[in-house]
Amino acid sequence: MAQVVSDTPAQPTASPAVTPLDLRRAAGQFATGVTVVTVRDGDGFRGMTANSFTSVSLDPPLVLVSVDRRSETQAGFRASGAFAVSVLAEGQEELSRRFAASGHEKFADLATSLGALGLPLVPNALAHIECRVVAAHEAGDHTLYVGEIVSLAVRPGRPLLYHQGLYRRLDPQGGPPGAGAGSHTAPGSGIKTRSD
Ligand SMILES: Cc1cc2nc3c(=O)[nH]c(=O)nc-3n(C[C@H](O)[C@H](O)[C@H](O)COP(=O)(O)O)c2cc1C
């Protein structure tokens, strides 16, 4: 349903060296959903906001998440050998911000349930995906954790979106180009900014 319209063609960078800012700008043009990924670490739990979540394989069912090696959550992926992904729904920006900030008790006052692997699941998420880690690939300053799905739950609803560093939502009036009401409405991106 979301549709991103650009008036100008993509321009190559002037310098062959790719700066972090260049990459952030380019990758920021790739609209994503937002997830909270949780792990067990010792006697407690850790969690982080991640939009690098990707479906990898249907058979076997594999997904991956790319994790900054400086993240406090990182150690838990190896320690517990498992992770759980909660796909955030529209209106869950506060949870995204909470889990994107290091160094505090992120689970305080949050009514998480425990999934099949004993990992916390964020309430009212659109999907809960629990995985066992089957591979870890070092990739620059991140580690790609590939997980085999052991449990899935899905509920209907609208997703929280992230694009160009802003939280967005699907436009209820939006639709695929040339289909239904969307073809008769004013041109637009099909996604709306909620806040940053
Ligand atoms: C929308 C959004 C998406 C993010 N996606 C990722 C990601 O895919 N991988 C990652 O390592 N950090 C990602 N981050 C940053 C982490 O959430 C952030 O570094 C967090 O502080 C990590 O917490 P921790 O240090 O307690 O593990 C994202 C942040 C936001 C706001």
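This is a predicted model: local features need pLDDT of at least 70, side-chain atom pairs count only at pLDDT 80 or more; totals for chains, interfaces and linings use all residues.
## Overall make-up

The chain holds three helices and 13 strands. It has 196 residues, and 27% of them are buried. Among contacts with a separation of 6 or more, 65% join residues 24 or more positions apart.

## Confidence

The average pLDDT of the chain is 86. A score of at least 70 is reached by 81% of the residues. Residues 1-5 fall below 50, and this stretch has 18 contacts in the model beyond near neighbours in sequence. Residues 178-190 also stay under 50. For residues 178-190 the model has 20 contacts beyond four places in sequence.

## The seven-stranded sheet

Seven strands form an open sheet with antiparallel pairing. Their order is β3-β2-β6-β9-β10-β5-β4. Two strands stand at the edges: β3, residues 44-50, and β4, residues 54-57. Each has a single partner strand, so one side of each is left without a neighbour in the sheet. From one strand to the next, the twist averages 35 degrees.

Strands of a sheet pair through backbone hydrogen bonds.

Strand β6 covers residues 82-87. Six of its six residues are buried, so β6 is largely enclosed by the rest of the structure. In a regular strand the side chains alternate between the two faces of the sheet. On one side of β6 are A82, A84 and S86, and on the other are F83, V85 and V87. Both faces are covered, since all of these residues are buried.

Which strands pair with β6? One is β2, residues 35-41, joined to β6 by four bridges. The other is β9, residues 127-139, joined by six bridges. Both pairings are antiparallel. V37 has V85 in β6 as its bridge partner, and A84 has E130 in β9.

## Around the ligand

There are 17 residues around the ligand. A50, S52, D68, T73 and S102 come nearest. Strands β3 and β5 each supply at least two residues of this shell. By type, the shell divides into seven nonpolar, eight polar and two charged residues.

In the loop between β4 and β5 lies P60. The peptide bond from D59 to P60 is cis, with omega near 0 degrees.

N124 sits in the loop between β8, residues 120-121, and β9. Is N124 buried or partly exposed? N124 is partly exposed, because it has 13 other C-beta atoms within 10 Å, and burial takes 20 or more.

Note on methods. Residues are numbered from 1 along each chain as its sequence is written. A residue is buried if 20 or more other C-beta atoms lie within 10 Å of its own, exposed if 12 or fewer, and partly exposed in between; C-beta atoms are placed from the backbone. Two residues are in contact if their C-beta atoms, placed from the backbone, lie within 7 Å. Two strands pair if DSSP finds at least two bridges between them. Axes are lines fitted to C-alpha atoms, for helices over the stretch in contact, and angles run from 0 to 180 degrees between N-to-C directions. A residue is near a molecule or strand if its C-beta atom, placed from the backbone, lies within 6 Å of it. Ala, Val, Leu, Ile, Met, Phe, Trp, Tyr, Cys and Pro count as nonpolar, Asp, Glu, Lys and Arg as charged, and the others, Gly among them, as polar. pLDDT is the predictor's confidence in each residue, from 0 to 100.
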